[in-house]
Amino acid sequence: MIQIPHFEIHELVDKETYNALGEKSVWMLNPKAVDGLVKIRKHFNKPMTVNNWYWGGKLENRGYRSIYSTTGAKFSQHRVGNAWDINVKGISSDMLNDYLVKNYRKFGITTIEDKSFTKSWTHIDFRNTGQKDLLIVKP
């Protein structure tokens, strides 16, 4: 099975998907999005949180969201394994957002949610925007 450095698959998908597919849940993830996430984790060399439901936490829909999830937009990049809502231990979401906006190319990020909508996390995604510059979305 495919191994993802620094992450277990259950951290990257919702509970329903993991319960249905187990380790095969990796099939639902865009490799570019996974690569970008791993690059960010390696760059900061600090623990990152996407989902924590597996350990009894409340975060379940910040990586891949199945089509059955009622969280977020119907056509969210999360539903195609292309987006992450992240926190990096010891770094505020404002600082992380600002750093990634300035350095998005380094990680392959194409889109970030405006931080006024994501006050306690940073949303990044890897959609095909057809643009050279970073797309900042306001959902």
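Contact here means heavy atoms within 4.5 Å.

## Basis of the model

This is a predicted model, in which local features need pLDDT of at least 70 and side-chain atom pairs count only at pLDDT 80 or more, while totals for chains, interfaces and linings use all residues. Residues are numbered from 1 along each chain as its sequence is written, and side-chain values use heavy atoms, with hydrogens and water left out.

Helices (H or I, at least four residues) and strands (E, at least two) are DSSP runs, numbered from the N terminus. Two strands pair if DSSP finds at least two bridges between them. Buried means under 20% relative accessible area, exposed over 50%, and partly exposed in between (1.4 Å probe, protein chains only).

## The sheet

The sheet is open and has 5 strands. Their order is S1-S2-S4-S3-S5, and the pairing is mixed. S1 and strand S5 (135-137) stand at the edges. Each has a single partner strand, so one side of each lacks a neighbour in the sheet.

Strands of a sheet pair through backbone hydrogen bonds, either parallel or antiparallel. S1 and S2 run antiparallel and are joined by 2 bridges. Met 48 stands opposite Val 88 in S2. S2 and S4 are also antiparallel, over 4 bridges. Here Trp 84 stands opposite Ile 124 in S4. Strand S3 (residues 111-113) pairs with S4 in the antiparallel sense over 2 bridges. S3 and S5 run parallel, joined by 3 bridges. Glu 113 faces Val 137 in S5.

## Asp 125 in strand S4

Asp 125 lies in strand S4. Its relative accessible area is 0%, so Asp 125 counts as buried. Both faces of S4 are covered. Thr 122 and Ile 124 are buried on one side, His 123 and Asp 125 on the other.

Asp 125 has bridge partners in two strands. One is Ala 83. Another is Thr 111. Leaving aside neighbours within four places in sequence, Asp 125 is in contact with Gln 77, Asn 82, Ala 83, Ile 109, Thr 110 and Thr 111. The Asp 125 side chain also makes a polar contact with the side chain of Arg 127, at 2.7 Å. A polar contact is a pair of N or O atoms within 3.5 Å; within protein, one must be able to donate a hydrogen and the other to accept it, and residues adjacent in sequence count only if both atoms are side-chain atoms.

## Ile 86 in strand S2

S2 is mostly covered, with 5 of its 6 residues buried. Ile 86 is found in this strand (residues 83-88). Ile 86 is buried, at a relative accessible area of 0%.

Which residues does Ile 86 contact, leaving aside its neighbours within four places in sequence? They are Leu 37, Ile 40, Met 48, Thr 49, Val 50, Arg 62, Leu 96, Leu 100, Trp 121, Thr 122 and Ile 124. Trp 121 is 35 residues from Ile 86 along the chain, yet their C-alpha atoms are separated by 5.6 Å.

## Helix H2

Helix H2 (residues 31-44) has 14 residues. From first C-alpha to last it reaches 20 Å, close to the 20 Å expected at 1.5 Å a residue. The expected span is 1.5 Å times one less than the number of residues. Asn 30 caps the N-terminal end: a side-chain oxygen lies 2.8 Å from the backbone nitrogen of Lys 32. Just after H2, Asn 45 takes a positive phi of about 50 degrees.

The buried residues of H2 are Ala 33, Val 34, Gly 36, Leu 37, Val 38, Ile 40, Arg 41 and Phe 44. They pack against strand S1 (48-49), S2, helix H3 (93-102), helix H4 (104-107) and strand S4 (122-125).

## Aromatic pairs

The whole structure holds 6 aromatic pairs. Phe 44 and Tyr 99 form an edge-to-face pair, 5.4 Å centre to centre with 70 degrees between the planes. Phe 44 is in helix H2 and Tyr 99 in helix H3, 55 residues apart. Rings of Phe, Tyr and Trp (its six-membered ring) pair if their centres lie within 6.5 Å; planes under 30 degrees apart count as stacked, over 60 as edge-to-face and the rest as tilted.

Phe 44 is buried, at 17% relative accessible area. Tyr 99 counts as partly exposed, at 24%. Elsewhere, ring pairs link Tyr 18, Trp 53, Tyr 54 and Trp 55 into a cluster.
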